[in-house]
Amino acid sequence: MRKHVVETVLGAVVLVVAIGFIFFAYSATDLGPSTNGYEVEAIFDDASGVRTGTEVRMSGVRIGSVVAYDLDPDTFEAVVTLSIRDGIGLPKDTSARILPDGLLGGTFVSLSPGGDLEDIPPGGRITYTQGSINLMDLLGRFVFSGGSGGEDGGNDAGEASDGPW
């Protein structure tokens with residue numbers, strides 16, 4: 001009988017710890033509904049890697065997240081809706097770029113504030129944008145171009161060189 005009580009208590013402890021981990025993960029990843037902040041839109045020619053929940057950063061500090069993204073059927077560009085934390089005004093000439101977040105393929109939206117005295121209103125649009133950079137495409141272009149660095153950069157096989165090697 002005592003064995004069953006110990007197993008029951010141990011099972012309850014495991015459940016409490018599991019619920020604690022789930023609560024921690026939920027609060028740490030901001031998967032809950034956003035209750036404060038305002039939304040702005042940004043139009044990108046390429047929004048590869050952007051998903052709902054992708055971080056929005058300014059000067060390396062998280063100030064919001066992506067709440068929606070869709071394709072504009074008329075222009076075939078990506079319309080990305082950003083939720084920006086209250087108290088952070090974005091000047092009208094703010095620019096947005098999609099940048100890689102490390103080598104594992106994650107991305108984030110980087111905002112660079114401009115110098116305009118007026119702010120983008122809630123529901124407004126960021127007009128200066130740069131889409132995501134495909135690192136594999138850049139690497140492929142470098143590798144298949146020979147990586148010689150241009151006209152001055154390399155020595156073709158069979159050419160004589162002025163150096164001792």
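Student: Is phenylalanine 76 buried or exposed?

Tutor: This is a predicted model, in which local features need pLDDT of at least 70, side-chain atom pairs count only at pLDDT 80 or more, and totals for chains, interfaces and linings use all residues. Residues are numbered from 1 along each chain as its sequence is written, and side-chain values use heavy atoms, with hydrogens and water left out. Buried means under 20% relative accessible area, exposed over 50%, and partly exposed in between, with a 1.4 Å probe and protein chains only. The relative accessible area of phenylalanine 76 is 59%, so this residue is exposed.

Student: Where is phenylalanine 76 found, and what is its phi?

Tutor: Helices (H or I, at least four residues) and strands (E, at least two) are DSSP runs, numbered from the N terminus. Phenylalanine 76 belongs to the loop between β3 and β4. Most residues other than glycine have a negative phi. Phenylalanine 76 has a positive value, near 60°.

Student: What is the phi of serine 59, and is serine 59 buried or exposed?

Tutor: Serine 59 sits in the loop between β2 and β3 (61-71). Its phi is positive although the residue is not glycine, with a value near 55°. The relative accessibility of serine 59 is 72%, so it counts as exposed.

Student: Which order do the strands of the open sheet have, and which strands stand at the edges?

Tutor: Two strands pair if DSSP finds at least two bridges between them. The open sheet has eight strands with mixed pairing, in the order β7-β1-β4-β3-β2-β6-β5-β8. Each edge strand has a single partner strand, so one side of each is left without a neighbour in the sheet; these strands are β7 (125-126) and β8 (128-130).

Student: In which sense do strand β2 and strand β6 pair, and which residue stands opposite methionine 58?

Tutor: Strand β2 covers residues 55-58 and strand β6 covers residues 107-112. Over three bridges, their pairing is parallel. In β6, the residue opposite methionine 58 is leucine 111.

Student: Is threonine 54 buried or exposed, and which residue's backbone oxygen lies 2.8 Å from a polar atom of its side chain?

Tutor: Threonine 54 is in the loop between β1 (38-44) and β2. With 9% relative accessibility, threonine 54 counts as buried. Its contacts (heavy atoms within 4.5 Å), not counting residues up to four places away in sequence, include Gly49, Ser65 and Phe108. The backbone oxygen 2.8 Å from a polar atom of the threonine 54 side chain belongs to arginine 51.

Student: Where is the place of threonine 81, and how far apart in space are threonine 81 and aspartate 70?

Tutor: Threonine 81 lies in strand β4 (residues 78-84). It is buried, because its relative accessible area is 14%. Among the residues it touches, leaving out those up to four places away in sequence, are Glu39, Val67 and Ala68. Aspartate 70 is 11 residues from threonine 81 in sequence, and the C-alpha to C-alpha distance is 8.7 Å.

Student: What does arginine 57 lie over?

Tutor: A charge sits over a ring if NZ of Lys or CZ of Arg is within 6 Å of the ring centre and within 35 degrees of the ring normal. Arginine 57 is 4.1 Å from the ring centre, over the face of phenylalanine 108.

Key
A polar contact is a pair of N or O atoms within 3.5 Å; within protein, one must be able to donate a hydrogen and the other to accept it, and residues adjacent in sequence count only if both atoms are side-chain atoms.
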